[in-house]
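The following note sets out points for a colleague who is examining this protein at the level of individual residues. Each point takes up one region or one kind of interaction.

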Amino acid sequence: GVIVAILAATVYLLQTMGVLSISLRLPTHLLVPPTVIPPTATYTPAPTLTPTATETPIPTATPLQAAEATPVPPLTVVPLEVGSSVFRLQDGAVMQFVPAGTFMMGTNEINRAPADQPQHAVYLSDYWIDRTEVTNAQYALCVGEGRCKPPVTTRYFEDAAFADYPVAYVPYESAAAYCLWLAGKTGQVIGLPSEAQWEKAAAWDPVAEVAYRYPWGNDPAGPNLLRYVFSPAPYPAAPVGSFPAGASPYGALDMAGNVMEWVADWFDAGYYQRTGVSVDPVGPQTGTARITRGGAWSRDASFAVSTLRNPTRATTYGEDIGFRCAMSAERPPVASGVLLTPIDATAALRDRVEASRNGGEDNAVMGDWESALDSLREALQSGEQETALSLVNERLDWLGAASNRAQLEGALPFQLEHGLLWIREQLPADAS
């Protein structure tokens with residue numbers, strides 16, 4: 001009885017002194033501020049600490065010391081801003097980020113068609129838009145899976161020399177089918193851009209808060225800025241991305257000239273007059289014509305003006321009409337294959353190589369691809385930028401050799417090449 005009384009008194013004394021506590025809680029000034037969790041992550045609260053039952057308290061084991069012994073690496077979030085891009089594994093495309101906000105759509109120029117007037121405020125949520133027009137090589141991936149119809153005329157589509165040129169001879173239905181194919185593969189909301197999405201990405205300057213006449217600004221058009229009717233060229237269109245000087249403020253290319261581009265909306269000549277401040281508009285519900293935007297190699301610069309609406313019957317096709325896709329999202333999950341970081345892209349490419357080998361699809365893949373991509377990921381994770389750049393260039397050189405590339409089948413070489421090019425683009429300029 002005496003021993004029990006002494007122990008009880010000792011416990012009471014230790015509780016009073018703060019050495020022992022039945023309900024163990026950290027002082028608020030010692031709590032680590034909560035880490036920002038990306039929207040795609042699920043946060044699980046840490047379990048409540050329960051002291052180990054002992055007859056004698058151990059003075060050297062405190063909650064603070066235990067926390068310091070097992071630090072949790074902080075979660076990092078890639079900042080998204082104008083100019084941010086992602087790599088889309090499924091077809092090797094790069095998409096540019098367009099942050100949410102209001103822009104001025106349409107024009108007040110008195111010599112313009114009434115359908116393009118008046119200029120009015122439109123609010124758009126975050127979205128992404130393809131940096132370039134969809135190419136013959138990309139479109140062939142969808143055709144190969146039986147989800148897209150071949151172009152009506154395959155003159156250029158079946159010629160490997162035009163793999164990087166914009167796909168043409170595709171009516172509205174075929175363009176929409178390609179973007180929906182990507183939606184199914186990624187699980188994201190991907191489709192043809194709305195008229196508003198296309199126009200904002202083409203010519204709105206979010207810093208100056210002005211709408212430009214062309215993607216590059218208000219300077220007159222010229223052969224160094226776009227492919228149009230006055231461009232000297234043996235073939236009407238140009239490989240996508242051939243005019244970096246003509247980029248829009250968001251980094252989108254070829255939004256003037258090259259080929260006209262389908263957008264999602266039905267055409268209504270009076271739609272702007274009946275629209276006030278719109279939020280994510282998608283156009284009228286029905287109509288007799290769709291819309292193409294951005295001018296083409298066959299037209300003069302007046303057709304390349306970013307606010308010009310060109311009503312086009314949905315069944316129309318030709319060698320001067322193509323398209324690009326858009327995605328309504330902020331941060332797509334890694335599982336979607338739309339990748340925000342070089343580390344994620346490297347891991348996805350590595351998984352793609354391994355799956356191809358195991359599935360027998362590309363069983364002739366050189367044996368060092370997996371190890372090379374593992375080394376690249378380690379270099380990126382450890383911040384060894386020069387090593388990462390060297391590994392990327394070595395792999396691109398390997399792909400550049402026709403004899404090597406011929407050993408890879410299907411979409412794999414295309415995905416590897418475009419993924420590595422995007423990863424190299426993300427490395428700091430001083431990495432070399």
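**Notes on the predicted model**

1. Y139 and Y178 are both buried. Y156 and F162 form an aromatic pair with edge-to-face geometry, the ring centres being 5.0 Å apart and the planes at 75°. Both Y156 and F162 are buried as well.

2. Aromatic pairing occurs elsewhere too: a search of the whole structure gives 17 aromatic pairs. One of them joins Y139 and Y178, which are stacked, with 5.9 Å from centre to centre and 25° between the planes.

3. The charged end of R299 sits over the ring of F303, at 4.8 Å from the ring centre. In the case of R309, the charged end sits over the ring of Y272, 4.4 Å from its centre.

4. Just after the helix, G187 adopts a positive phi of about 75°.

5. Is S336 buried or exposed? This serine lies in the loop that runs between strand 14 (326-327) and strand 15. S336 counts as buried because its relative accessibility is 1%, and the cut-off for that class is under 20%. A polar atom of the S336 side chain lies 3.1 Å from the backbone nitrogen of V338. Apart from its neighbours within four places in sequence, S336 is in contact with Q90, K185, T186 and Q188.

6. Strand 5 (residues 127-130) is covered on both faces. Y127 and I129 are buried on one side, and W128 and D130 are buried on the other. Strand 5 pairs with strand 2 (residues 93-98) in the antiparallel sense over 4 bridges, and F97 stands opposite W128. Strand 5 also pairs with strand 14, again in the antiparallel sense, over 2 bridges. There, I129 has A326 of strand 14 as its bridge partner.

7. A separate point concerns the open sheet formed by 3 strands in the order 3-4-10, in which the pairing is mixed. Which strands are at the edges? They are strand 3 (101-105) and strand 10 (278-279), each of which pairs on one side only. Strand 4 (residues 120-124) and strand 10 run parallel and are joined by 2 bridges. Within that pairing, the bridge partner of Y123 is V279 in strand 10. As background, strands of a sheet pair through backbone hydrogen bonds, in either a parallel or an antiparallel sense.

8. Towards the end of the numbering, attention may turn to L420, a residue of helix 10 (residues 412-426). L420 is buried because its relative accessible area is 0%. Which residues is L420 in contact with, leaving aside its neighbours within four places in sequence? They are L349, W369, L376, V392, R395, L396 and L399. L420 and L391 are separated by 29 residues in sequence, and their C-alpha atoms lie 9.6 Å apart in space.

9. The secondary structure comprises 10 helices and 15 strands. The protein has 432 residues, of which 46% count as buried. Of the contacts between residues at least 6 apart in sequence, 72% join residues at least 24 apart.

Key: Residues numbered from 1 in each chain as written. Predicted model: local features only at pLDDT ≥ 70, side-chain atom pairs only at ≥ 80, totals over all residues. Heavy atoms only, no water. Phe/Tyr/Trp six-rings, centres within 6.5 Å; stacked < 30°, edge-to-face > 60°. Buried < 20%, exposed > 50% of the residue type's maximum accessible area, 1.4 Å probe, protein only. Lys NZ or Arg CZ within 6 Å of the ring centre and 35° of its normal. Polar contact = N/O pair within 3.5 Å; in protein donor to acceptor, adjacent residues only side chain to side chain. Contact = heavy atoms within 4.5 Å. Pairing = 2+ DSSP bridges.
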